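Student: I'd like to learn how to read a protein model from the inside out. Can you walk me through this one?

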Amino acid sequence: MSQETVKGDAFENLLHEERQFPPSPEFAAAANLGEGIYAEASGDRAAFWAQQARELLTWSKDFGQALDWSEPPFAKWFVGGEVNAAYNALDRHVENGLGDRVAIHFEGEPGDSETITYAELTERVKRAANAFESLGVAKGDRVAVYLPMIPEAVVTMLACARIGAVHSVVFGGFSADALRSRIDDAEAKLVVTADGTFRRGKPSSLKPAVDEALSAPGHTVEHVVVVRRNGQDIAWTEGRDLHWSELLADASPEHTAVGHDAEHPLFILYTSGTTGKPKGILHTTGGFLTQTAFTHSAVFDLKPETDVYWCTADVGWVTGHSYVAYAPLVNGATQVMYEGTPDSPHQGRWWEIVQKYKVSILYTAPTAIRTFMKWGREIPDKYDLSSIRVLGTVGEPINPEAWMWYRDVIGGGAAPIVDTWWQTETGAMMIAPLPGVTATKPGSAQVPLPGIAVDVVDESGNSVPNGHGGFLVVREPWPSMLRTIWGDPERFKDTYWSRFEGMYFAGDGAKKDEDGDIWLLGRVDDVMNVSGHRLSTTEIESALVSHPWVAEAAVVGAADETTGQAVVAFVILRADAQTRSTDNADDASAELRAHVGKEIGPIAKPRHVLIVPELPKTRSGKIMRRLLKDVAEGRDPGDATTLADPSVMQQIAADLRK
């Protein structure tokens, strides 16, 4: 990153990266796609997606019209077509002689493992579909799923899709109140859960949260199906609660999949806002399957016959829907599912799994990468990671230095990194390099994918020139777009389509660099106004992480009487630099403040740089900057029970008071 003059326009022109890594001639020669795919897609986007839909999916009934955009912002894709998600993920592979191919290598946190072929997974899904139908679940009914990262989660989702029921997966780290609000909003008929899971070597409960969620009257749930996972004693409600194993054992292994309309609802996934009613993002079948399958194959250069793919996301989040439960299976890939955390029973657990299964494609979050940086490269260096050929990132912008560490340490200095931008609402990847085409650039998601019309615009909705920042929008409909907010079409229009006429905007800022590559700047409400200058938290975090001492950083804007807002940074040091924070934290803080000033400009210097042992993260790995802002402004951060380690906030508050 080079220093540039800070200007007071809407988004500062700070990020600059000269390092580029073109694909090797060998990789490019064997890649699934070449540069011509962009021209092919841009000529007629609807026709391009129609071609992908027909090539990637097996349709029970062909569609007549690729896109109906007659009532924007409500889209219909592949109009008149009928398709079954479970058939496409399972049956057709078995029918094509691939039943013995491994679908899932499951690795449990305690060390138990299971290998499931496509034939075996197909039978389990058929049994589950029959079991759910025996409980009265029919096409269009909603099923709440509150499960850990175990194969039964994928089986449940596909069984719902098979019969046309709409699944609503709730992340296992959410509270009973959060679960109940989602059950009520979707009017779920069935809940599928587990007694619990394992977390860092200890049993962790799930079923008690379901019991608490259903303790008050007025809900719509008729049955609760319980997977026995960790053997904990649990309360049991006769007539309502049923054992998964018994239910499936009694169900027939035969079940015929029928096609559902391309626009039939596939799932609802609630975005967890800090205030107000959660938003139930609705995705439908044909468009979602088409775009997730295409992007999974294109962005990871997938070779289903030989690759072993591992997406580390939980199925409770959209990444686990699109790139665990659906796209890998639709594409006939072999994938790894892991139940546990990266540090249990030891900090080399992930690399042990990569070595064991010869993982060739790894897709994870920058938060995890920065954690591994903090622990030190000597841990992954103990394992054979030579099977890895493509690396992916998802969830938030990745700092350039974390990108370089990922490439050098995990990718052996050779594996292309595909930094992907997309959202729960977009359903599938929207911006990412193609590993056999794009010269990748540390920290930048770079280019819209073929068939996607993304732009960066100013306050008036006009495209910004290269070298300038603004608001990230999507100008044209895309197949996996959310269709509405469940039960609230007006909120859908107001939330996503009211800021810029005719364009989708979900709140992210972005910058085009001098090459026209896109850099994500995080949420526009994560932009600080310091003495009239608009500064992105992402850019300051990137500057901090570029310092050799720093493993991870979180930046917030705190109210300041003089400057309006002041920059406050919370920093975790790398293992080899941690003695500095204990010997003289003031010196370390001063060094890092000066570093930000040098990298960006004096205006961006943090008022405080606090050296902390850990940052407040949810169980999915997202940093809760809202809590840090509360502390920085002297407020009690309040309820921290959703954090992976609730004690972190108490420690940070105590340190800041000092």
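Tutor: Let's begin with the core. A nonpolar core is a set of buried Ala, Val, Leu, Ile, Met, Phe, Trp, Tyr and Cys residues joined through side-chain atoms within 4.5 Å. Buried means under 20% relative accessible area, exposed over 50%, and partly exposed in between (1.4 Å probe, protein chains only). Here the largest nonpolar core has 138 residues, and Phe132 and Tyr326 have the most contacts inside it.

Student: Which helix gives the most to this core?

Tutor: That's helix H6, residues 151–163, with 9 residues. Helices are DSSP runs of H or I with at least four residues, strands are E runs of at least two, and both are numbered from the N terminus.

Student: What does Tyr326 touch?

Tutor: A contact means heavy atoms within 4.5 Å. Leaving out residues up to four places away in sequence, tyrosine 326 touches Ala85, Met157, Leu158, Ala161, His167, Leu266, Phe288, Leu289 and His321. Apart from that core lies another one, of 32 residues, among them Val308, Tyr357, Trp403 and Ile417.

Student: What sort of model am I looking at, and how are residues numbered?

Tutor: It's a predicted model, where local features need pLDDT of at least 70 and side-chain atom pairs count only at pLDDT 80 or more, while totals for chains, interfaces and linings use all residues. Residues are numbered from 1 along each chain as its sequence is written, and side-chain values use heavy atoms, with hydrogens and water left out.

Student: How many helices and strands does the protein have?

Tutor: There are 20 helices and 30 strands. The radius of gyration (over C-alpha atoms) is 24 Å, close to the 26 Å that the globule rule (2.2 Å times the number of residues to the power 0.38) gives for 658 residues, so the protein is as compact as a globular protein of that length. Buried residues make up 62% of those 658.

Student: Now the backbone. Where are the cis peptide bonds you'd show me?

Tutor: One runs from proline 72 to proline 73, with omega near 10°; proline 73 sits in the loop between strand E1 (65–71) and strand E2 (74–79). Another joins serine 344 and proline 345, with omega about 5°, and proline 345 lies in the loop between strand E17 (334–338) and helix H12 (349–357).

Student: Is aspartate 301 buried or exposed?

Tutor: Aspartate 301 is buried, at 3% relative accessible area. Although not a glycine, aspartate 301 has a positive phi of about 50°.
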